[in-house]
Amino acid sequence: MGNQQKQFVMGMLAYASQRDLSAEKLCRLSDIDLSTLMESEYSNFSTKQLNDLWMNACHLSSDPHFGLHLGNRYSLRHSVLWARS
């Protein structure tokens, strides 16, 4: 599960960066160690960290639909894979 979580968080941070949000700030506010995330093959996150990441992304982007816009960036095939995990 850790690798899927890492892929998801990395994708979310990449999208946030495209929206001119700081990945470092998002991680810091969400209690996620960005250097560990980048260096490790697998990462596990608490529910609180993932929820905080969503909330901080919505707040910093001033976009309450951040998750919907992120979802639009992924193909249907990817979302089906995530739904099964």
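Visitor: Which residues have the most contacts inside the largest nonpolar core?

Guide: In this predicted model, the largest nonpolar core has 19 residues, and those with the most contacts inside it are Met12, Leu13, Leu26, Leu37, Leu53 and Phe66. Two or more residues of this core are given by each of α1, α2 (23–29), α3 (34–39), α4 and α5, and the largest share, six residues, comes from α1.

Visitor: With what is Leu53 in contact, leaving aside its neighbours within four places in sequence?

Guide: Beyond those neighbours, Leu53 is in contact with Val9, Met12, Leu13, Leu26, Ser30 and Ile32.

Visitor: Why is the aromatic pair of Phe8 and Trp54 called tilted?

Guide: The planes of Phe8 and Trp54 make an angle of 45 degrees, with 5.7 Å centre to centre; stacked requires under 30 degrees and edge-to-face over 60, with the centres within 6.5 Å for any pair, so the name that remains is tilted. This pair links Phe8 in helix α1 (residues 2–18) with Trp54 in helix α4 (residues 47–61), 46 residues apart.

Visitor: What makes Trp54 partly exposed?

Guide: The relative accessible area of Trp54 is 26%, and because buried means under 20% and exposed over 50%, a value in between is called partly exposed.

Visitor: How do you know that Tyr15 and Phe66 form a tilted pair, and which parts are tied together?

Guide: Tyr15 and Phe66 lie 5.2 Å centre to centre with 55 degrees between the planes, and tilted therefore applies, as edge-to-face needs over 60 degrees. Tyr15 lies in helix α1 and Phe66 in helix α5 (residues 66–72), so the pair ties together parts that are 51 residues apart in sequence. Both Tyr15 and Phe66 are buried.

Technical notes:
Residues numbered from 1 in each chain as written. Predicted model: local features only at pLDDT ≥ 70, side-chain atom pairs only at ≥ 80, totals over all residues. Heavy atoms only, no water. Phe/Tyr/Trp six-rings, centres within 6.5 Å; stacked < 30°, edge-to-face > 60°. Helix = DSSP H or I, 4+ residues; strand = E, 2+ residues; numbered from the N terminus. Buried < 20%, exposed > 50% of the residue type's maximum accessible area, 1.4 Å probe, protein only. Core = buried A, V, L, I, M, F, W, Y, C linked by side-chain atoms within 4.5 Å. Contact = heavy atoms within 4.5 Å.
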